[in-house]
Amino acid sequence: MTAATARGSRLAAGGRGRSALLTSLLVFPATLWYVALLVAPLAIVVIFSFGTRAKNGGYAPALTLDNYADLLNRPEPFVNSLVMATAGTVGCLLVGLPLAYYLATRAGSRKNVLLLLLVIPFWTSFLIRTYAWLLIFNPDTGIPGIVKLLTGAEFRVRGTPIAVLVGLVYGYLPLMVFPLYVTLERLDRTLLEASKDLGAGRWATFRQITLPIALPGLVTGSILVFIPMMGEYVIPAILGYGQFYMMGNALVSSFLEARNWPAGSARAVGLIAVMLVTVTFYLWFVNRGRRTRETSVL
Amino acid sequence: MAAAVVDESRHVSGRARGGGQIADVRIEGVTKEFGPVTAVDQMTLEIASGEFYSLLGPSGCGKTTTLRMIAGFEQPTAGEIFLAGSPVAGVPPYKRNVNTVFQHYALFPHMDVAQNVGYGLRQRGSPKAEEARRVGEALDLVRLSGYGTRRTWELSGGQQQRVALARALVNHPTVLLLDEPLGALDLKLRKEMQLELKALQREVGITFVYVTHDQEEALTMSDVIVVMNHGRIQQLGGPTELYERPVNLFVSNFIGVSNPMPGRVMEIGPDHSAVVETDRGLRLRGTITDPAVRPGIGTSVTVATRPERLTVLPGEAREPAAPGEVDVPGRIHQGTYLGDQTEYRVTTDLAGELIVRRQNAAGVGTGEGVGPGDPVVVRWHEEANLILVG
Amino acid sequence: MADRGLDWYMKQAATKPINRRGFLTMMGYAGGAAALAACGGGATQAPSATASQAASAGPSPTPGVDIGNELYIYNWSDYIADANIEEFKRRYGITDFVYDTYANNEELIAKLQGGASGYDIAAPTAEYVPGMVEEGFLEKLDLTRIPNVQYIDETFKNLWWDPTNEYQVPKDYGTTGIMYRGKMLASPPTSWREFYDLTRGSESGKVVMVDSMGDVFVFPLKMLGYSLNSLDPDKLEEARQILLDVAPHLLALDSDLYQDKLASEEASMVLGWTGPLLGLQDNEDTADAAYTVPSEGSLFWMDTWVMIKDAPHKDAAYAWLDFIQEPAIQAAETEFNYYATCNSEAKKLVPKEILDNEAVFPSDSAFAKLEGAEDTSGNNQRLDIWEEFKSKIGG
């Protein structure tokens, strides 16, 4: 993000007259696109959030904070999403970090194949991949079935937080792995040797060198997975059997069932606010990171 | 392989310095293979305490691999390495009391200068106060006092180099390993740093093992130079010894410039002297440089001379040379003015092309005024003839 | 017993979630290649034997009435018996019978919003009719030209979406009820009360409800003997207690895959729709699947025939509206699509096996207590209860 801005400003600064015109000409379609498809809908959502429900559902203009007050009265879906997204992000970290580390440092010539294997599932529909987990968790023919066959122990996975968590981690893992992989791959291996040379063991080296240097990638990955997880709707519905009432479901309730657009808009704005706080933290972190010459991966 | 073993022991055995005391580093019959490639081949070497050792050789000669085995980043395929008398097979780098200065410094980008330098102390759990004191001392030592809070990338190459040095030295290692640490610096800075490093080494008294492919650098700094090629030690000795008495053609070519003349041994004299007839028919008396070999009559050898031992005399005919002098007539092919000296390339029938170097004194000097095409006589004393076996 | 294979899921994912309209689609899955092939033939395919018999039993064309030779119908896919179309064309000399399809009501409305559509007839779901009237999309009907509306059951007349019965003619209807696996239950539920007891008792953890507020509220309100459209705070509070009572005992809130949970015997009962029933019954392992409309009554949904404003072929459109309500024609419709007819004369002509199938026709007692849904979406108390209920699913 910062890099792009810098490049843009340099272009603008260097190009007095003709090339400045060219720049604005080239930027125009993107700007239009951005305004029409991002800014305008967002503005509409914000405006709606201060309105009231029309008699037959939808939006009627008004200027009220009731929808936001109401938001505070219904914290469950928000809290549920926050807990689930946090757990999912931690899960992605726990799985993604070793995976990215392996890919970046140990995989050698298999690296490209493994990266490809990581991406290939994402050529199919998200829905199908989520459904596939229903089969894997099938109590008779899936993992629980096999465990039951081998040990006699019966347990269920579908409709539990574990299933949702697995689905979330599986669904968003690449978004965590790729930024991490990029930072770890750029990591100068002699820094690790230097650390060991100076008396730090494997873990101490990982903690003091690898982790701090990979931190921008780690933060990028965490934000990339956390934000969509906050709005996740399909995975808790399918794998969680709808037992987890999350923000995504609440938005559907507001818009489609209550047909109360202003209430739904207020919810959406609340969710966006949380994302903004998260991204602000990220930008702050990147700026702080500039002092360590580590650039953002976004 | 069998020949190599003989070769090795011939050059190295009995050469251990430091007498009875335990060597800081002892490498015993170490071989390192990377797949089909043998990087280090049956190497045996003792590195004495407090001296400045250089591992010198072209790229791929095994010098860096040797260094990395001492540091613990690589494990020998065969043989044993001892640090301060103890075998270190399987001992990880962080448990060895050696430190390395890396080629590109490998400074930690997310730490300031003081944090970099104090890193090793922190791993040992030094108290904060002691860490600060020793970091300060180390920075003083490398003349970077007051740079502690600077970011490493704000420093110049030479300063970064010094941080890397301080970071290693602050731990008081038994041996300091330096992997071409000056390679990234420009020539002038490099020369300065060479002298500085040498002075530093004397000051701290720590054994330095310095890897370089730059023979001049090695000659400038080292107490002992270990010349390596194809994973084997070619010769080990002080700078003068290596230059004056290279034991083989590789060493004589790698250290300095020489004029090689292939030939065969005709007579064996006392004190390792011999008479060689070159392939072009020149009969030369000289010294067999390697005391460990005793070539027989007819053995193929090379007679080498250093360019500065040769003189160029203008004109064609000369009075007969004095006893022990060799005269070879030829023509100047090229003369290059190098500032402090002039280099002539002389084409001769008897000795092929000879390189002659002459010190430029103020306004005077033999051979002055000779230019390309001029007939000359190249003269040298037979003391300059080095007979190289192999 | 076993779950369906991945390819089944892929089909599911590729098509829209199962809805009421999914009945025929499910039959297609169940019947395998033959059924698929039959469906693939589309509207021009030869009619089924029973349907054509029924159709030909109808009266002959009315001579002397020229209604043109064109009719443009915009409808859900596979929603008119092919034989009836052929019969209509034959009887009225219609040569240009156009049948275009939409996937949902919103698509239909979007088309009409775009200006003159050229269609004569459409089939929106009843609750969309008032909005379409308000927007001026629909032609007010001259009921004298549709004498066969006399056969429409009173249950489906004078409802909130068309109080004067001037804008639509009921097409067919379906219900919300309880689908269950007979062999998993000692005694299947016949009422909401029994459903409530079973859910909290022996079937705890094996009950699914569709993720649809309007349908779920039917259960507590009807069980208590109230209108399912009730907005009375006290009645809703009673309903809330019942919903919170059962919430911890539910396996899932799921509108899309509940038939799978029944098939794998994870679930024994589902508060849901009839759609997947035949698919389950057609499979040997799950042939014990059944559907009941609880005796306290339930919600029905209804699709309607409407005439589009300024329809280009009004005469043909009236002819169609009347034709399709002829008892024999209407009975053939029911046989074709397995949705209950709103036409009481036609019902008498429907084969007994379909009449007895509660998934198509509710029992008489339940039928007497059927209610159409009103728009209750603006009620905050309902929404509060619904969200509280949702956050308590599974305990």
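Visitor: What makes C:Phe219 buried rather than exposed?
Guide: In this predicted model, C:Phe219 has a relative accessible area of 0%. Buried means under 20%, so C:Phe219 is called buried.

Visitor: Why is the pair of C:Phe195 and C:Phe219 called edge-to-face?
Guide: The ring centres of C:Phe195 and C:Phe219 are 5.2 Å apart, and a pair needs centres within 6.5 Å. The planes stand at 85°, and planes over 60 degrees apart count as edge-to-face. The pair is therefore edge-to-face.

Visitor: Which parts does the pair of C:Phe195 and C:Phe219 tie together?
Guide: C:Phe195 lies in helix α7 (residues 192-200) of chain C, and C:Phe219 in helix α8 (residues 213-223) of chain C. The pair therefore ties together parts that are 24 residues apart in sequence. C:Phe195 is also buried, with a relative accessible area of 0%.

Visitor: How do you know that the charged end of B:Arg306 sits over the ring of B:Tyr243?
Guide: The charged end of B:Arg306 is 4.0 Å from the ring centre of B:Tyr243, and the distance cut-off is within 6 Å. The charged end of B:Arg306 is listed as sitting over that ring.

Key
Residues are numbered from 1 along each chain as its sequence is written. Chains are lettered from A and ligands numbered from 1 in the order in which they are written. This is a predicted model: local features need pLDDT of at least 70, side-chain atom pairs count only at pLDDT 80 or more; totals for chains, interfaces and linings use all residues. Side-chain values use heavy atoms; hydrogens and water are left out. Rings of Phe, Tyr and Trp (its six-membered ring) pair if their centres lie within 6.5 Å; planes under 30 degrees apart count as stacked, over 60 as edge-to-face and the rest as tilted. Helices (H or I, at least four residues) and strands (E, at least two) are DSSP runs, numbered from the N terminus. Buried means under 20% relative accessible area, exposed over 50%, partly exposed in between (1.4 Å probe, protein chains only). A charge sits over a ring if NZ of Lys or CZ of Arg is within 6 Å of the ring centre and within 35 degrees of the ring normal.
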